[in-house]
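I want to look up the aromatic pairs first, then the ligand site, then the strand pairing.

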Amino acid sequence: MSQAPHRLAAIGECMIELSPLDGCSFAMSFAGDTLNMAIYCVRCSDPIQVTVDYITALGDDHYSAAMLQQWQDEGVGTDLIRKIPSKLPGLYLIRNGIKGDREFCYYRSQAAARETFAGAVGDALCEELLNFNTIYLSGITLAILQESGREKLITALRRAHEAGIAVCFDTNYRAQLWPNAAMAKKVIESVLECTWIALPSFEDATTLFGDKTPEHTAQRLRSIGVEEIVVKQGAAGYFLANHDGERYVAIQAVNGVIDTTAAGDSFNGAYLAARLHGVNPVVAAQRGAALAALVVTHKGAIVPSEAMQACDT
Ligand code: ADP
């Protein structure tokens, strides 16, 4: 008898991305941290075993329709995506520095995604989340939601956690999206308390929580009940903490870095895909790092699928 696939829901916001070509010309694409993760997770998954749905709100405009089409073409489930007439997706412009680091300029304060969990439709969406096996979100998801919708989502995450649904969380702290750091810390902590797999960057852990080392980050997360932890440290590699113990893993830094957008998201996507296919955390993290190393050699968040070698699930 065939088994139903493992169902992952990724919650967040996708925006129109404008990345520089030259001078004043830009290439348009669609990206957002959780969506990037969802696309990479689908690309690394066997759809018979793992399906990935994206949960957000869009408008009824041309760009929203184009986003939806692209996600469907990528194999991301879109059945639960909310459409809010008269709203639009957010937009951001990227500026690349010479070392591959990037600066962003956002137009997102009126975006449809802020209202994903508003009203009765939002209540129903929270109930739907409890039908998934795994739920993924980030600190950006929490930051962009209206306060009432955010509270509803956190209540749903607590219920999910109690019901044995694995909540996976990347802290992805963006100071400019929060009224102040204290509030960000409080909200992010409340989600960490119901998180099964945490995938923070060490930079976030230092900025928000003052952690001195990745071990401190892991200790702090373990003390509130997080079971599985990957602390990402850019070109330096990552730190793993789980039931099998703790270890630093150094990586081969890529020389020709072009754009580090979505390094962490692609890591998370490949890592979770592997974990959901039964691969152990050590090998899952190797796959995460291998994909991220490829992603930083391309412009933009999503590399062409031909650039990705078949992922071994
Ligand atoms: P984020 O994008 O969330 O800031 P990081 O910068 O920590 O995340 O990068 C995530 C992962 O991407 C790292 O753990 C590493 O595996 C990979 N990575 C980032 N920069 C490089 C690099 N220069 N060379 C190789 N891999 C990299």
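**Aromatic pairs**

I started in helix H9, where Phe 267 and Tyr 271 both sit, four residues apart, about one turn of the helix. Helices here are DSSP runs of H or I with at least four residues, strands are runs of E with at least two, and both are numbered from the N terminus.

Before going on, I noted that this is a predicted model, with pLDDT of at least 70 needed for local features and 80 or more for side-chain atom pairs, while totals for chains, interfaces and linings use all residues. Numbering runs from 1 along each chain as its sequence is written, and side-chain values use heavy atoms, with hydrogens and water left out.

How many aromatic pairs are there? I get seven, taking rings of Phe, Tyr and Trp (its six-membered ring) with centres within 6.5 Å; planes under 30 degrees apart are stacked, over 60 edge-to-face, the rest tilted.

I looked up Tyr 92 and Tyr 106: their ring centres are 5.6 Å apart and the planes stand at 40°, so this pair is tilted. Tyr 92 is in strand S7 (residues 91–96) and Tyr 106 in strand S8 (residues 102–107), so the pair ties together parts 14 residues apart in sequence. Buried or partly exposed? Tyr 92 is buried at 4% relative accessible area, while Tyr 106 is partly exposed at 23%. My cut-offs are under 20% for buried, over 50% for exposed and partly exposed in between (1.4 Å probe, protein chains only).

Back to Phe 267 and Tyr 271: this pair is stacked, 6.4 Å centre to centre with 20° between the planes. Phe 267 is buried at 5%, and Tyr 271 is buried at 0%.

Which backbone atoms lie by ligand oxygens? A polar backbone atom of Gly 234 is 2.7 Å from one, and a backbone N or O atom of Gly 264 is 2.9 Å from an oxygen atom of the ligand. I then checked burial: alone, the ligand exposes 560 Å², and the protein buries 87% of that (Shrake-Rupley, 1.4 Å probe).

**Strand pairing**

Last, I checked strand S1 (residues 6–11): it pairs with strand S4 (residues 50–55) in the parallel sense over six bridges, where pairing takes at least two DSSP bridges. Leu 8 stands opposite Val 52 in S4.

Terms used. Polar contact = N/O pair within 3.5 Å; in protein donor to acceptor, adjacent residues only side chain to side chain.
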